[in-house]
Amino acid sequence: MGIINDDFLLKTEAAKKLYEFSKDMPIVDYHCHINPKEIAENRKFQNITQVWLGGDHYKWRLMRSNGVDENEITGDADDYTKFLRFAEMLPKAIGNPMYHWCHLELKRFFGYDGVLNGDTAKEVYELCNKKLQNDDMTVRALIEKSNVKMIGTTDDPIDDLKWHKVLKEDKTFKTAVYPTFRPDKAVNIDKPGFAEYIEKLAKVCNMKIYDADDVKVALSKRLDYFCENGCRATDHGLDYVVYEPANRFVVNNIFKKVMAGEKVTQLEADQYKTALMIDLGKKIAEKGIVMQLHYGAQRNTNSNMFEKLGADTGFDCVSVKNCSEALTGYLNVLCKDNLLPKTIIYSLNPNDNQMIDTVLGCFQGTEAKGKIQHGSAWWFSDTKSGMEEQLKSLANLSLLGNFVGMLTDSRSFLSYTRHEYFRRILCNVIGEWVENGEYPDDYKTLKEIIEGISYNNAEKYFGL
């Protein structure tokens with residue numbers, strides 16, 4: 001028998017009682033990287049390798065750490081070999097959330113109660129592949145059986161949102177799938193491909209882009225288009241939070257310099273990024289949607305592998321940079337004009353937890369309870385201990401009861417069990433406080449808190 005049972009991660013009677021409030025609540029997966037086309041076309045996966053290992057750099061990193069040849073990870077090896085290499089590695093992932101996630105997915109979606117390893121790989125592979133042929137294992141069926149009410153995909157401003165439109169018109173599918181505006185390529189002036197991207201943006205907007213002011217206009221047009229198609233949030237992947245204000249003439253000259261093929265200094269890049277982020281922040285506030293700030297990743301560190309496989313293939317790591325003054329400077333300049341949107345702040349570095357949780361209290365407003373949020377433990381931090389630390393820091397320094405809860409940040413349609421993982425950890429943390437006498441056993445209030453963090457807070461925050 002495996003480790004997934006009714007009491008998994010629930011150490012106290014209070015935790016078990018609290019989980020009863022949480023377990024059947026719907027899911028708002030407000031930040032993920034799944035493909036809306038696959039939802040619209042209701043993809044059916046041929047085998048477990050496709051749905052589990054395709055595009056999942058979390059798993060790829062662990063396989064590399066186990067000495068697996070790249071050909072058997074992202075290369076031309078057959079799908080069973082790739083699955084077998086993953087299964088052979090998994091027992092060594094003791095203490096890693098991947099071990100828990102995988103067995104939750106096997107239990108919830110495939111009914112497998114055992115343990116995945118090299119010896120059981122063939123049995124599990126055949127079981128999963130057989131089940132994946134059933135009509136209740138298509139992409140849409142997986143979403144519906146996971147009780148997902150809303151999905152926020154991650155979309156480029158130049159996207160025509162074709163598949164979101166198809167889904168909106170399809171009355172047979174009840175889950176709302178909304179685009180999320182991700183303008184990083186127009187902001188990251190110091191990254192390769194910037195000039196080429198600006199040309200694409202200009203073409204989509206049917207306009208000429210001569211300077212940074214024109215970029216702002218173009219992005220504003222695309223944000224309007226996204227909001228017309230259901231957009232509830234923007235997302236900004238920042239290496240670090242920038243705040244280097246400069247006048248528009250300086251910023252326009254920086255833009256023209258790059259478009260002419262010249263290099264910019266870090267200061268110049270930060271000045272351009274700051275100007276774009278301030279303008280975007282104000283427009284987001286005017287639209288009444290949510291701004292998400294993700295920062296703290298050092299990306300594409302292995303140049304050999306970047307040249308071979310490209311970005312988002314498992315060669316990023318946690319960055320260490322003090323962003324507190326830049327973060328407060330940015331939020332403050334928006335606040336001064338009464339144009340600070342509802343904002344969720346995520347740092348990949350857990351050392352920023354207390355800083356973020358104290359920043360929250362400086363910029364709250366009446367537009368929403370918990371207007372400024374500390375985002376759920378993210379990427380390398382969405383471990384058991386990482387989630388516990390984020391929850392406890394938020395509770396210590398802000399109002400945990402207003403937290404909008406978990407997201408998958410995933411490319412997999414099986415990853416909705418991460419919400420179960422989070423909810424069990426949440427209930428165990430709060431249950432411990434109840435058992436210790438640190439909070440009364442007032443289950444009417446506790447039910448409201450647990451249901452809020454599990455679903456209700458996010459439903460209100462994103463205006464569903």
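Predicted model: local features only at pLDDT ≥ 70, side-chain atom pairs only at ≥ 80, totals over all residues.
Q: On a 1 Å grid over the protein atoms alone, a cavity is a set of points where a 1.4 Å probe fits but cannot get out. By this rule, how many cavities of 30 Å³ or more are there here?

A: The count comes to six cavities of 30 Å³ or more. Residues are numbered from 1 along each chain as its sequence is written, and side-chain values use heavy atoms, leaving out hydrogens and water.

Q: How much space lies in the largest cavity, and which residues are closest to its centre?

A: A volume is the space filled by probe spheres set on the grid points, which are joined across faces, edges and corners. For the largest cavity that gives about 80 Å³. Its lining has 13 residues, and the closest to the centre are Ser347, Asn353, Ala377, Ser381 and Gln390. Lining residues have an atom within 4 Å of a point.

Q: Which elements supply at least two residues of that cavity's lining?

A: Helices (H or I, at least four residues) and strands (E, at least two) are DSSP runs, numbered from the N terminus. Here strand S9 (342-347) and helix H18 (384-397) each supply at least two lining residues of the largest cavity, with H18 giving the most, three. By class, this lining has four nonpolar, eight polar and one charged residues. In that scheme Ala, Val, Leu, Ile, Met, Phe, Trp, Tyr, Cys and Pro are nonpolar, Asp, Glu, Lys and Arg are charged, and the others, Gly among them, are polar.

Q: Let's turn to open space. How much of it lies in the largest pocket?

A: A pocket is an open set of points with protein on both sides within 12 Å along at least five of seven lines. The largest pocket holds about 1,500 Å³. It is lined by 49 residues, and Arg182, Arg299, Ala311, Asp312 and Arg411 are the closest to its centre. Among the elements that give two or more residues to this lining are helix H2 (36-40), helix H10 (184-187) and strand S5 (233-238). Helix H11 gives the most to the lining of the largest pocket, four residues. By class, the lining divides into 14 nonpolar, 15 polar and 20 charged residues.

Q: What about the second largest pocket: which element has the largest share of its lining?

A: The second largest pocket holds about 550 Å³. Of its 22 lining residues, Leu400, Gly401, Asn402, Ile449 and Asn457 are the closest to its centre. Helix H19 (417-435) and helix H20 (443-461) are the elements that give two or more residues, and the largest share, nine residues, comes from H20. The lining of the second largest pocket has eleven nonpolar, seven polar and four charged residues.

Q: Glutamate 459 is found in H20. Is glutamate 459 buried, partly exposed or exposed?

A: Buried means under 20% relative accessible area, exposed over 50%, and partly exposed in between (1.4 Å probe, protein chains only). Glutamate 459 counts as partly exposed because its relative accessibility is 27%. Contact means heavy atoms within 4.5 Å. Not counting residues up to four places away in sequence, glutamate 459 touches Val28 and Leu464.

Q: How many residues of H4 are buried, and which elements cover them?

A: Seven of the nine residues of H4 are buried: His57, Tyr58, Lys59, Trp60, Leu62, Met63 and Arg64. Their cover includes H3, helix H5 (79-89), helix H6 (97-110), helix H15 (303-309) and H19. After H4 comes glycine 67, with a positive phi near 80°.

Q: Why is helix H17 (residues 353-360) described as largely enclosed?

A: Six of the eight residues of H17 are buried, so the helix is largely enclosed by the rest of the structure. The buried ones are Asn353, Met355, Ile356, Asp357, Val359 and Leu360. Elements covering them include strand S6 (290-295), helix H16 (324-336), S9, S10 and H18.

Q: What does isoleucine 372 touch?

A: Isoleucine 372 sits in strand S10 (residues 372-374) and is buried, with a relative accessible area of 2%. Leaving out residues up to four places away in sequence, isoleucine 372 touches Leu340, Pro341, Thr343, Ile345, Leu360, Phe363 and Gln364.
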